[in-house]
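Biologist: Please take a close look at the aromatic rings in this model. Where do they pair up, and what packs around them?

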Amino acid sequence: MKQRTYPDRRTALEIWKQGINYRHAHDGWPKRFETEYRFHSLGIAYACAKVAALIPGMDPEKAWVLGLLHDYGKRHDEGKGEHFHVLDGYNEMLRLGYTDVARICLSHSFPKKDFDFSAYGCCREWLAAARENLDTVELDDYDRLVQLFDFMFEGLRITTFENRVKGIVSRYHPKTPPTDLYNHALENKAYFEAKIGQDIYALLNVRENLPELPTPTEAEILFEVIISIRNMTEHPFTGDMETTFRAHCTAVADIAATIAAATPDMDPERAYVLGVLHDCGRIRDEYAEPCFHGWVGAEFMKELNYPDLARISITHSFYEQNFDTGVYPQNRTDILKCRNYLQTITFNDEDRLIQLCDMLNSLGKTCTIEQRMADVSRRYHVSEERVQVLMKLLQKIKGYFDGRCGIDIYDMLDLSERN
C-alpha cells in the first residue's frame, strides 16, 4: 500500500494535540499564547479548506490537515533559542512519514527558496539548513495557500497584511522588514482570488479596523478552539455531545441573526457572534467538575479581552437578576458570582435576544418555549413550579421581540407546531 503523504483529519488532530501536550510537558505555555496557537492553527486549517473547496482539483480535507499542522514545530518554545519551529516540524513529520506535511512545515515561512537571511530573526545555521532542505522539494498550490493564510492570522484575529507585518516585526525583531513575505502574500492573494472569483478579505470577513467582537469567521474559529480545549480535558465531549453542542450553538446563532435582522437598531452580525459563542463556558464539564459554565465562559472571554462575550456567557442563563441561587444545582460559588455580577448591570436587547434564542432550540432543533421547557424539565429534573416561572419570563421576552419585530417570532421561524 502506498504510504500516505499526509494524515487524515482525525489523525492530524491527534498529532496536533500531542504537540500541545509535549509543549506543556517540556516548556510550559502561558494560557493566552496557547489559545492564540490553537486559533492560528485551526483558523488556517479552516481558511485553507474554505478556499480549496472553491478550486477544482484541490482537496479541502488535505488543505485542512496541512493548515492545522504547518506550525507543529512550535511544540518547542523558540524563545529559549534552542529550536527553530520550521526545522523541528519538518524533521518530525519526515520521521512520521508525512512528506507533504513536512514540506508545509518548511515552506510556510519562506516565500522563495533563495530568501534573505536578514529578514528572519534566528540563527544563520538554522536558516542555511532550511534553505538546503527547501532546495530538495517542489512547492505547489497547497504551499501557496498556507503561506497566504499564515500571513493573515495575528493573535486572535484575521488581519490585513500590514497588521501582520507589524506583529512579525514586534515578535521576531528581524534585521530588515519582511518585505518578501509581504509582497509574496500580495501575489498569493491575487493568485487565489483569480481562481475563486472573489476577494479573500471579503470571504473571511477581514476588517481594516477591528471590531470589538470577533467577526463571524473569527467566531467560528474560536468555537473550534473551545471544542479543542474541552476535548483535551479529563472530561472531553462524547461524539454525541459534541454533535449536539455544535448543532445547538449554530442554531442559536442563526436564530439570533434572523431576529436581529428584523429588529430595528440591532446588528445581525453581532447577534450571530454572540449566539455562536454564548456557551463558551462548555470548555469545562459543569456536571463532572465544581463549576458553572456561565462563569467559566465569562472568565475565559475576559482573558481574551472580549467583555461583551463574557457578559453574554453569564446573562444567557438567567432571566432574573436577583434569582434564588438554591434552584441551581451547579457550583454554588460560581452561581453566586453570576448573581453578584447581574446585580451590577441592566439587561439589554442583546442579553434578552440570546436568552430567548437559547430557549428556542433543543438539541439543535428549533422549537417553541413550551417544547424547550418540557425538555429542560425532563433532562434536568426542574420542578413544575420552577418551569412555570421560567416559562412566564421567557414568554415576556418573546412578547417584547414580537412587538419590536412587528411579527410573531414563531411565525418568523416557521414554527407551525405549537403547544
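**Rings, charges and packing**

Modeller: Start with a charge on a ring. Arg-9 places its charged end over the ring of Trp-64, 4.0 Å from the ring centre. A charge sits over a ring when NZ of Lys or CZ of Arg is within 6 Å of the ring centre and within 35 degrees of the ring normal. Lys-398 does likewise with Tyr-410, its charged end 4.3 Å from that ring's centre.

Some ground rules. The model is predicted, so local features need pLDDT of at least 70 and side-chain atom pairs pLDDT 80 or more, while totals for chains, interfaces and linings use all residues. Residues are numbered from 1 along each chain as its sequence is written, and side-chain values use heavy atoms, with hydrogens and water left out.

Now ring on ring. A pair of aromatic rings is described by the distance of the centres and the angle of the planes. Rings of Phe, Tyr and Trp (its six-membered ring) pair if their centres lie within 6.5 Å; planes under 30 degrees apart are stacked, over 60 edge-to-face, the rest tilted. The count is 15 aromatic pairs. In one of them, Trp-29 and Tyr-37, the centres are 4.9 Å apart and the planes meet at 45 degrees, so this pair is tilted. Both partners are buried (under 20% relative accessible area; exposed is over 50%, partly exposed in between; 1.4 Å probe, protein chains only): Trp-29 has 12%, Tyr-37 has 7%.

Phe-161 and Tyr-201 are edge-to-face, 5.7 Å from centre to centre with 65 degrees between the planes. Phe-161 is in helix α8 (residues 161–172) and Tyr-201 in helix α10 (residues 200–203), so the pair ties together parts 40 residues apart in sequence. Helices (H or I, at least four residues) and strands (E, at least two) are DSSP runs, numbered from the N terminus. Phe-161 is buried at 1%, and Tyr-201 is buried at 18%. Ring pairs join Phe-161 and Tyr-201 with Phe-151 and Tyr-182 in a cluster.

Next, the nonpolar packing. A nonpolar core is a set of buried Ala, Val, Leu, Ile, Met, Phe, Trp, Tyr and Cys residues joined through side-chain atoms within 4.5 Å. The largest core has 136 residues; Leu-69, Phe-149, Met-152, Ile-259, Leu-277 and Met-301 touch the most other members. Helix α2 (residues 31–52) contributes the most to this core, eleven residues. Take Leu-69: beyond its neighbours within four places in sequence, its contacts (heavy atoms within 4.5 Å) include Pro-7, Ala-12, Ile-15, Trp-16 and Met-93.

Helix α18 (residues 369–380) shows one-sided burial. Its buried residues are Ile-369, Arg-372, Met-373, Asp-375 and Val-376. Down the axis of α18 they fall within an arc of 160 degrees (taken from the directions from the helix axis to the C-beta atoms), so they line one face. Their cover includes α12 (239–261), α17 (349–358), β3 (361–362), α19 (384–405) and α20 (409–412). After α18 comes His-381, with a positive phi near 55 degrees.

Leu-363 is in the loop between β3 and β4 (365–366) and is partly exposed at 46%.
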